Amino acid sequence: MLNALGVIVSGRLVQTDFQEISATHFLITIPDADNVNHVVVFLTGTAPFPEGMAGGVYFSWPDPNAPPSWQLLGYISNSKPSAIFKISQLKKLDEIVGQAGGGMMNNNVFGTNLPISHIAQIGVSIEPEASLVQQTPATTTSSTYYQFGQKILENFFNFVSSFSVTQSQMTPNFNETYVPLSTLQTWYTNFERRLQQNPNFWKN
């Protein structure tokens, strides 16, 4: 499968120099990945995947202190021979997940004896297509957390705002505590900003 896989980074030459780790695992380096937003991984057409199999596409940011930790981007298959993946947010996600204990990482997918890499890598692992279809890519999980949190924020803010009254409309009630709507707006803005920076901050 060495000549059957390729990678395209916008503005660069096509890369096909995958390194064979095993008969079903292949790696390629992506230099200067901090300046890369998207990558395309594809089958060159020289050879198909075996029947019922597909290529899980994984990404790893370099860590000078540890072997690669892998994030699933998605997959390619004979029926879907190319796919474009956004990697610009994965460095932040890698740091977040690492702090949380590696929940979305798959450190062993390419074995446990890989050397420390100082360059980002893409790995392709030939696996049963039915299994890959059921897995959730790292970018999807992060996006889902953010969207869920944002919907909760909006719902809460809209619900509370629906009861707002002006000071002239208020009926004095010494048994009630009142909070200015501007305070809620400030909380909403701060919470949304933190959610954008780290969709998992609420777990701390």
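Colleague: Which residues of the largest nonpolar core touch the most other members?

Modeller: This is a predicted model. In its largest nonpolar core, which has 26 residues, the most other members are touched by Leu-5, Val-7, Ile-30, Val-41, Phe-59 and Ile-122. At least two residues each come from β1, β3, β4, β5, β6, β7 and β8, and β8 gives the most, with four.

Colleague: What makes a set of residues a nonpolar core?

Modeller: The members must be buried nonpolar residues joined through side-chain atoms within 4.5 Å. A second, separate core has seven residues, among them Ala-54, Trp-70, Leu-72 and Tyr-75.

Colleague: Why is β5 described as largely enclosed by the rest of the structure?

Modeller: A residue counts as buried under 20% relative accessible area. Seven of the eight residues of β5 are buried, so β5 is largely enclosed by the rest of the structure.

Colleague: What makes β5 and β8 a pair, and in which sense do they run?

Modeller: At least two bridges are required for pairing. β5 and β8 have eight, in the antiparallel sense, with Ile-122 of β8 as the bridge partner of Phe-59. β5 also pairs with β6 in the antiparallel sense, over five bridges; there, Val-57 has Gly-74 as its bridge partner.

Colleague: Which classes of residue line the largest pocket?

Modeller: The lining has nine nonpolar, two polar and one charged residues. Val-160, Phe-163, Met-170 and Glu-176 are among them. Glu counts as charged, so Glu-176, a lining residue, falls in that class. The space in this pocket is about 380 Å³.

Methods:
Residues are numbered from 1 along each chain as its sequence is written. This is a predicted model: local features need pLDDT of at least 70, side-chain atom pairs count only at pLDDT 80 or more; totals for chains, interfaces and linings use all residues. Side-chain values use heavy atoms; hydrogens and water are left out. On a 1 Å grid over the protein atoms alone, a cavity is a set of points where a 1.4 Å probe fits but cannot get out, and a pocket is an open set with protein on both sides within 12 Å along at least five of seven lines; lining residues have an atom within 4 Å of a point. Grid points are joined across faces, edges and corners, and a volume is the space filled by probe spheres set on the points. Buried means under 20% relative accessible area, exposed over 50%, partly exposed in between (1.4 Å probe, protein chains only).
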